[in-house]
Amino acid sequence: MKRRVRCRTRQFSPPSLYARDGRRKYLNSDEKRAFLEAAEREDHAIHTFCLVLAYTGCRISEALSLTVSSVQQGANLIAVRTLKQRGRVMVREIPVPEHVVRLLLAGRQNGRPEDALLWTFGRTLAWREVKAVMTNAGVAGLQASPRGLRHGFAVSAVLSGVPLTLIQKWLGHASIATTAIYANVVGPEEREMASRMWGTEPAGRLAGE
């Protein structure tokens with residue numbers, strides 16, 4: 001008698017913006033501002049590395065693979081390489097503020113070749129330095145990490161009205177289901193509606209009577 005072999009299909013489980021205990025995993029706008037201000041007090045290498053993580057949402061490994069030619073002056077774009085399955089390499093272009101491009105290419109006049117890496121330190125040091133900047137900025141908690149910057153970039157994009165398909169492209173997500181988690185953040189419209197709702201509450205109820 002032949003045995004029937006059941007094939008279990010692994011269901012896709014997208015990441016969450018919150019831990020099981022409710023802790024937030026992304027930097028909010030105030031924390032991002034504090035992080036960028038703290039990064040300005042660091043040396044050029046750490047400062048620019050923090051800027052790229054904050055303004056592109058790329059992964060640490062992707063940032064460390066950037067070269068001088070990855071930065072497109074004039075267009076204000078950074079071309080980030082994403083390693084896909086089966087060794088395929090995809091390039092996604094992410095727009096960044098002009099001052100970020102200017103700082104990244106500040107040493108170009110010193111004769112850096114086009115294929116020169118923007119940073120020569122490794123992943124461990126990069127992670128540790130970003131965490132140190134977080135600490136100096138007063139950012140603590142689960143969100144105080146490079147991944148928190150990546151999540152914060154996506155949340156900021158959603159709140160600014162950027163379509164999910166474009167955010168998917170910028171983050172290099174293979175599935176739109178992964179990007180869709182950012183659609184759950186509370187936007188300005190929801191906050192405005194809540195404010196109007198509070199304004200209709202009787203004074204006694206607002207005071208807890």
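Phe35 touches Leu27, Cys50, Val130, Val133, Met134, Ala137 and Leu149, leaving out residues up to four places away in sequence; contact here means heavy atoms within 4.5 Å. The structure is a predicted model, in which local features need pLDDT of at least 70 and side-chain atom pairs count only at pLDDT 80 or more, while totals for chains, interfaces and linings use all residues. Residues are numbered from 1 along each chain as its sequence is written, and side-chain values use heavy atoms, with hydrogens and water left out.

**Overall architecture**

- The chain contains 10 helices and 3 strands, where helices (H or I, at least four residues) and strands (E, at least two) are DSSP runs numbered from the N terminus.
- Read from the N terminus, the order of elements is α-α-α-β-β-β-α-α-α-α-α-α-α.
- Of the 209 residues, 39% count as buried; buried means under 20% relative accessible area, exposed over 50% and partly exposed in between (1.4 Å probe, protein chains only).
- Among contacts between residues at least 6 apart in sequence, 59% join residues at least 24 apart.
- The accessible surface of the chain is about 13,300 Å², and 52% of this surface belongs to carbon and sulfur atoms; the areas come from the Shrake-Rupley method with a 1.4 Å probe.

**Nonpolar core**

- The largest nonpolar core has 53 residues, and those with the most contacts inside it are Phe35, Phe49 and Trp119. Such a core is a set of buried Ala, Val, Leu, Ile, Met, Phe, Trp, Tyr and Cys residues joined through side-chain atoms within 4.5 Å.
- Elements that each supply at least two residues of this core include helix H1 (29–39), H2, strand S2 (77–83), H5 and helix H6 (146–159).
- The largest share of the core, 7 residues, comes from H2.

**Helix packing around H2**

- Two packed helices are described by the angle between their axes and the distance between the axes. Axes are lines fitted to C-alpha atoms, for helices over the stretch in contact, and angles run from 0 to 180 degrees between N-to-C directions.
- Helix H2 (residues 44–56) packs against helix H5 (residues 123–136) at about 85 degrees, with the axes 11 Å apart. H2 is therefore roughly perpendicular to H5, given that 65 to 115 degrees counts as roughly perpendicular, under 35 as roughly parallel, over 145 as roughly antiparallel and the rest as oblique.
- Ile46, Phe49, Cys50 and Leu53 of H2 meet Ala126, Glu129, Val130 and Val133 of H5.
- The residues of the H2 contact with H5 divide into 7 nonpolar, no polar and 1 charged. Ala, Val, Leu, Ile, Met, Phe, Trp, Tyr, Cys and Pro count as nonpolar, Asp, Glu, Lys and Arg as charged, and the others, Gly among them, as polar.
- H2 and H6 pack at an angle of about 40 degrees, with their axes 7 Å apart, and are therefore oblique to each other.
- This contact joins Leu53, Ala54, Tyr55 and Thr56 of H2 to Pro146, Leu149 and Phe153 of H6.

**Individual residues**

- Ala38 lies in helix H1 and is buried, with a relative accessible area of 1%.
- Ala38 touches Val133, Asn136 and Ala137, not counting residues up to four places away in sequence. The C-alpha atoms of Ala38 and Asn136 are separated by 6.3 Å, although these residues are 98 apart along the chain.
- Thr82, in strand S2, is buried with a relative accessible area of 7%.
- Asn76 is found in the loop between strand S1 (71–72) and S2, and has a positive phi of about 55 degrees although it is not a glycine.
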